[in-house]
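Morning, everyone. One chain today, and a quick walk through it. Please have a look at the screen.

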Amino acid sequence: MPKKKKPRKPLPAPKGPPKAIKDYARNYKCSHCNSRVNGVTRDPSGIYHMNVGHDDTCPVLRGALTDVPDAIRAALAAGRLPTVLEDRISGGEE
Ligand SMILES: [Zn+2]
């Protein structure tokens, strides 16, 4: 008779984003509209999302241009590349 596996306990929810995520978010700046990260959230599957309030006319917000150079600059400044998704929202800094 196979041994029953003990159900795994769910991992405790972290109190905040890990340092790598915070460092990345602090160093991210849109090179087109100069918007910065408004906040970082964690979805139920554990993926972090960076909320960037791009200007309404920002080509990154519209998807016309990529933000990969900005992401690389943020990662280099933070010293590592965390796995983070950007949620593009309008209404950033003036
Ligand atoms: Zn932008």
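In which loop is N34 found? N34 sits in the loop between α1 and β1 (37–42). Helices and strands here are DSSP runs, H or I of at least four residues for helices and E of at least two for strands, numbered from the N terminus.

Two notes before we go on. Residues are numbered from 1 along each chain as its sequence is written. This is a predicted model, so local features need pLDDT of at least 70 and side-chain atom pairs count only at pLDDT 80 or more, while totals for chains, interfaces and linings use all residues.

Back to N34. Most residues other than glycine have a negative phi. N34 is not a glycine, yet its phi is positive, about 65°. N34 counts as partly exposed, because it has 13 C-beta neighbours inside 10 Å. The cut-offs: buried means 20 or more other C-beta atoms within 10 Å of the residue's own, exposed means 12 or fewer, partly exposed is in between, and C-beta atoms are placed from the backbone.

Now the overall layout. The chain has 3 helices and 3 strands. From the N terminus, the order is α-β-β-α-α-β. Of the 94 residues in the chain, 20% are buried. Take the contacts with a separation of 6 or more: 65% of them join residues 24 or more positions apart. Contact means C-beta atoms, placed from the backbone, within 7 Å.

Next, the helix pair. Two packed helices are described by the angle between their axes and the distance between the axes. Helix α1 (residues 19–27) packs on helix α3 (residues 68–78) at about 125°, with the axes 8 Å apart. So α1 is oblique to α3. Axes are lines fitted to C-alpha atoms, for helices over the stretch in contact, and angles run from 0 to 180 degrees between N-to-C directions. Under 35 degrees is roughly parallel, over 145 roughly antiparallel, 65 to 115 roughly perpendicular, and the rest oblique.

Which residues make the contact? From α1, A20, D23, Y24 and N27; from α3, A74, A75, A77 and A78. These divide into 6 nonpolar, 1 polar and 1 charged. Nonpolar covers Ala, Val, Leu, Ile, Met, Phe, Trp, Tyr, Cys and Pro; charged covers Asp, Glu, Lys and Arg; the others, Gly among them, are polar.

Look at N27, in helix α1. N27 is partly exposed, because 18 C-beta neighbours lie inside 10 Å. Beyond its neighbours within four places in sequence, N27 contacts A74, A77 and A78. N27 and A75 are 48 residues apart in sequence, but 7.7 Å apart C-alpha to C-alpha.

I21 is in helix α1 too. I21 has 19 C-beta neighbours inside 10 Å, so I21 counts as partly exposed. I21 and A78 are 57 residues apart in sequence and 8.7 Å apart, C-alpha to C-alpha.

On α3, take P69. Is P69 buried or exposed? P69 is exposed, because it has 10 other C-beta atoms within 10 Å.

Last, the core. The largest nonpolar core has 12 residues, among them Y24, V37, M50, V52 and A74. Such a core is a set of buried Ala, Val, Leu, Ile, Met, Phe, Trp, Tyr and Cys residues joined through C-beta atoms within 7 Å. α1, β2 (48–54) and α2 (59–62) each supply at least two residues of this core. β2 gives the largest share, 3 residues. As for V37, its contacts beyond four places in sequence are A25, Y28, M50, N51 and V52.

Technical notes
Two residues are in contact if their C-beta atoms, placed from the backbone, lie within 7 Å.
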